[in-house]
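Please keep the sequence and the structure in view while reading.

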Amino acid sequence: MGLEIKDVSLHYGRKQILKHINLEVAAGEILTLFGPSGVGKTTILKLIAGMQPLQTGQLDFQGDFSQKRTILVLQDFWLFPHMTVFENIAFGLKARHVKAAQISQAVDAMLTTLELQGLATHFPDQLSGGQQQRVALARAIILKPTLLLLDEPFASLDSSLRQKMHQLLLKLRQQYHFGVILVTHDRDEAFELSDRLAVLIDGEIQQVGTPQAIYERPQTRQVAAFIGGMNFLTGVVAGQQFQVAAQEITVANPNQLTGPVQLVIPYEAAATLGDTGLTAVVEWLQWQPGGVLAQLRLGQQTLVLTNIQGALQPGDVVHLQFGRDLQVVAN
Amino acid sequence: MKRTSTLLLACFLVALPLVVLLLWTVATQWLYPALIPQQFGGKVLGQMLQEPNFWPAVLNSFVIALATTVVTLLIAMPACKVLASQHFISQQLLTFMIYLPFILPAIAIVTSTQILFIQWHLTGTFTGIILSHTYFTLPYAMQIILESYRKMGQGYALTAKSLGAKPWQILKTITWPLMAPGIATAAGLTFIVSLSQYLPTFFIGGGKIMTLPLILLPYANNGRFNLASAYSLVFLLVTMIGVLLLKQLIGGRHHGARN
């Protein structure tokens, strides 16, 4: 059960927007399309929702899934300004000619679930951003979708409100069992909400995996750079051995690269001090809420780490040990 | 204080020509250098009402302007919907193209249209006049409606479609109410422009179909200011009735449209 996107490509004139997209989303799963703006993330949602015709490729809706039971919620909510909250939420049911009594019952239930009681007769311009967001969700969920397509749903909300909306979305998913394809360019949001992430850069899916897998094992330099907060150490790899500044450490090399490569070390990678390991000199330290930010020198290259266990002083020579084999990517 | 005096001045400037029209209409003698007429009477009004073409002209003007408005909207609305959302032609070029009909002198267009309409047996018919009026009203209507579509954006219609609404439901419940203020403005302007057309009505109608401007203009040109004034007032009245009627018909609820 779910949706399988098979080999979908799209171009406007000569400009290729999407290149051979293959993806699947399972029932109840939150899959995030993560990538910079203008790479075609929203276009994928429009194709799935049937708002834009497919040029090549196929959408395979399986089991309960169908285009009819797929609802697209666009960025900025687009609440109908001339309709009350009640009329907005009721819109889809009304379009399906559901009886008025049933509609009113369903809308009341939605208003309660999304804590919108007392706002039924308000117009959208009388609502706060968070309330507008909840009306937009209610308007979609009332139709019992199997798949919800959310385009940058929380982009216009401030960060504390965004946290609350994340929790609400997870709660609603548990209650209504819909799958979600979420489009975002916000890393924290992608990591917090996703079961799986698909990193989309230049119209191509670069990598699909759990947030942890993408964070710890980025397949390409582009993916690592887009996630951000990463050190790249230039060195040479042969098999599992990586050489940098006359040192050698064991690394993960799933793509079996050889020669000059980059070692990816997230700023937040957990490191301990030992007798052996990657040797570096502490240059300076700065206190931060999440821990001490340390800049270290390794030959000609610098390294920023925020999660080193142990006391550091500027000028110290330290041997860093990471709990896992770090990943190398092609230059 | 300053605001009140500005307002009064504005009222005065608007009212002054109307007062002159009214005075001309009710004057039976108004000779130089008198500031106001020397004699008043209903002679001019009677003369106008007894003119055999008066009521047909009023009715024809109204019907033609209303029909032109309907035809113009029927063409402009779907055209603008497509034009506002396409990316092949730049929006500036589009604006230029919409105004193109105004570059050619009206007389050139009307006379060549006449030749074509004779072949199509459209001269002397309401259809012919309405079509020729539509040519001159479309640029105004298109510009306003295109702007309304641009301002509205595609999000509402896309959202409605995703929520399962059929195209006609989207038109009825979303597009029409949201566009109503723009459509009403376009309709009002179309009505006014059509009502004041002289050349196309004259050439295409071939004198068989009388409208208010066809009667009014000769009087004004021949210095019969009292009759011309009386007709002008009627003209004004018909315009106001038409525009208010269209506003009332299209209306639409208007609440907090998105900026």
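## The largest cavity

In this predicted model, the largest cavity holds about 50 Å³ of space. The structure has five cavities of 30 Å³ or more. Two elements of chain B, helix H3 (54-85) and helix H8 (167-195), each give two or more residues to the lining of the largest cavity, and the largest share, three residues, comes from H3(B).

Which residues line the largest cavity? The lining is made up of Ser61(B), Ile64(B), Ala65(B), His133(B), Ser194(B), Leu195(B), Gln197(B), Thr201(B), Thr211(B) and Pro213(B).

## A cis peptide bond in chain B

Turning to the backbone of chain B, the peptide bond that joins Tyr32(B) and Pro33(B) is cis, with omega at about 5°. Where in chain B is Pro33(B) placed? Pro33(B) lies in the loop between strand E1 (27-29) and strand E2 (39-40) of that chain.

## Positive phi angles in chain A

In chain A, His20(A) has a phi near 45°, which is a positive value in a residue other than glycine. His20(A) is found within strand E2 of chain A, which covers residues 15-26. Is the side of the model at His20(A) buried or exposed? With a relative accessible area of 53%, His20(A) is exposed, given that the cut-off for exposed is over 50%.

His177(A) likewise is not a glycine and has a positive phi, here of about 60°. The setting of His177(A) is the loop between helix H5 (159-176) and strand E7 (179-184) of chain A. The relative accessible area of His177(A) is 60%, and this residue is therefore exposed.

## Domain layout of chain A

The domain assignment of chain A gives two segments, with domain 1 covering 2-213 and domain 2 covering 229-330. Read against these bounds, His20(A), in strand E2 (residues 15-26), and His177(A), in the loop between helix H5 (159-176) and strand E7 (179-184), have residue numbers that fall in the range 2-213 given for domain 1.

How far apart do the C-alpha centres of domain 1 of chain A and domain 2 of chain A lie? The C-alpha centres of these domains lie 39 Å apart in the predicted model.

Technical notes: Residues numbered from 1 in each chain as written. Chains lettered and ligands numbered in written order. Predicted model: local features only at pLDDT ≥ 70, side-chain atom pairs only at ≥ 80, totals over all residues. Heavy atoms only, no water. Domains from an automatic or database assignment. 1 Å grid on protein atoms, 1.4 Å probe; cavity = no way out; pocket = protein on both sides within 12 Å on 5 of 7 lines; lining within 4 Å. Points joined across faces, edges and corners; volume = space filled by probe spheres on them. Helix = DSSP H or I, 4+ residues; strand = E, 2+ residues; numbered from the N terminus. Buried < 20%, exposed > 50% of the residue type's maximum accessible area, 1.4 Å probe, protein only.
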